[in-house]
Amino acid sequence: MSTFFLPMLAGHLIADFWLQPASWIESKRQNGWKSKYLFFHAAIASVLPVLFTLQFALWWFVPVIFVIHYIIDLLKSKTSDNVWAFLVDQALHIVLLWALATFVASHGLSESFTDFWIYATGFVLVTAPASILISKFLQPITQTPGKPVKNDASAWIGIIERILILIFILAGEFQAIGFLVAAKSVFRFGEIQKEGNKKAEYFLLGTLASFALAIVVGLGIKIFLKI
C-alpha cells in the first residue's frame, strides 16, 4: 500500500465529517443534483486529500476524486439513511483513494511522515467519524429516529473519551481505561435512573461501542507502527 493513502484518508475523513454541516447533508437529500452544497462538498473532498499529500504532481487526482465523490454522494442521497448505506458510501470513497494511492502514485512518503499520518488518521477517525458511525449503529437497536449528529456537549464527551482511550493505549496504560469507564458511569448514573431503562440501554450500548472502536483503532495504530 502506498503511504500516500494515509494523508488522503485523513483528508477525506476531515472533509466528510468535520467540514460537511448537517444542513449540507439535508440539502443534498432534498434537492439531489440541484443542491449547490453537493458541489461544494465534492470540491472540498477532492482538494483536501490531495493537498495533504503535499505532492503537486498528483493535482490530476482532484478532478477524478471530484467526479466520483459527486456521483457516490448523489446516489447515497437517494438511499435510506442507515448504517449499511453509511458503510457502503464510506467504503466506496476509501477504495477510490486506496486505488489512486496504490496503483497510480509512483513513490511514497518518508518513514517519519508515514508515522505522523498513521497517528493523525487514527486520532481523526475516533472523533466525528466514530460519533456518526456509533449513532447510526444505535439507531435501529434503540429505535431512535435518524437525525444528523450535532457536536453538542454529549458528542464532545464521546470524542474526548475516545481520544483519551487512544492516548492510554499508545502509552501502554490499559488500566486507565477502566478508571475512565468507572468515572463516566458514576457521573451518568443519576441521569440514567431518572430517564428509565431505554436511556440506560442507549448509554450502555453507546459506551461499549465507543470504547470498543477507540480500542480497535489504538491497537491498529500499534500494529502499523510495530510498537
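The chat below goes through the model topic by topic.

Q: What kind of model is it, and what are the ground rules?
A: This is a predicted model; local features need pLDDT of at least 70, side-chain atom pairs count only at pLDDT 80 or more, and totals for chains, interfaces and linings use all residues. Residues are numbered from 1 along each chain as its sequence is written, and side-chain values use heavy atoms, with hydrogens and water left out.

Q: How many helices and strands in the protein chain?
A: The protein chain has 10 helices and 0 strands. Helices (H or I, at least four residues) and strands (E, at least two) are DSSP runs, numbered from the N terminus. Along the sequence the pattern reads α-α-α-α-α-α-α-α-α-α.

Q: What percentage of the residues is buried?
A: Buried residues make up 42% of the 227 in the chain. Buried means under 20% relative accessible area, exposed over 50%, and partly exposed in between (1.4 Å probe, protein chains only).

Q: How many salt bridges?
A: The count is 2 salt bridges. The rule is a side-chain nitrogen of Lys or Arg within 4 Å of a carboxyl oxygen of Asp or Glu.

Q: Which residue does K28 pair with?
A: K28 forms a salt bridge with D73, and their closest N and O atoms are 3.0 Å apart. The pair links distant parts of the chain, with K28 in helix α2 (residues 22-31) and D73 in helix α4, 45 residues apart.

Q: Are those two buried or exposed?
A: K28 counts as buried, at 7% relative accessibility. D73 is buried too, with a relative accessible area of 5%.

Q: And K136, what is its partner?
A: K136 bridges to D81, with 2.6 Å between the closest N and O atoms. This pair also links distant parts of the chain: K136 is in helix α7, D81 is in the loop between α4 and α5, and they are 55 residues apart. K136 is buried at 11% relative accessible area, whereas D81 is partly exposed at 30%.

Q: Switching to voids. How many cavities of 30 Å³ or more?
A: The structure holds 1. About 40 Å³ of space lies in the largest cavity.

Q: How is a cavity defined here?
A: On a 1 Å grid over the protein atoms alone, a cavity is a set of points where a 1.4 Å probe fits but cannot get out. A pocket is an open set with protein on both sides within 12 Å along at least five of seven lines. Lining residues have an atom within 4 Å of a point. Grid points are joined across faces, edges and corners, and a volume is the space filled by probe spheres set on the points.

Q: Which residues line the largest cavity?
A: The lining is H12, A45, I65, H69, H93, L96 and L97. The elements that give two or more residues to this lining are α4 and α5 (83-103). The largest share, 3 residues, comes from α5.

Q: How much space lies in the second largest pocket?
A: About 570 Å³. Of the 24 residues that line the second largest pocket, L9, L13, T121, L125 and V217 are the closest to its centre. Two or more lining residues come from each of α1 (5-18), α5, α6 (111-125), α7 (128-142) and α10 (197-225). The largest share, 6 residues, comes from α10. The lining of this pocket has 20 nonpolar, 4 polar and no charged residues.

Q: What about the backbone at L54?
A: L54 has a positive phi of about 60 degrees although it is not a glycine. Most residues other than glycine have a negative phi. L54 sits in the loop between α3 (36-53) and α4 (61-76). L54 is exposed, at 61% relative accessible area.

Q: Last one, A42: buried or exposed?
A: A42 counts as buried, at 0% relative accessibility. A42 is in helix α3. The C-alpha atoms of A42 and V62 are separated by 9.8 Å, and the two residues are 20 apart along the chain.

Notes:
Ala, Val, Leu, Ile, Met, Phe, Trp, Tyr, Cys and Pro count as nonpolar, Asp, Glu, Lys and Arg as charged, and the others, Gly among them, as polar.
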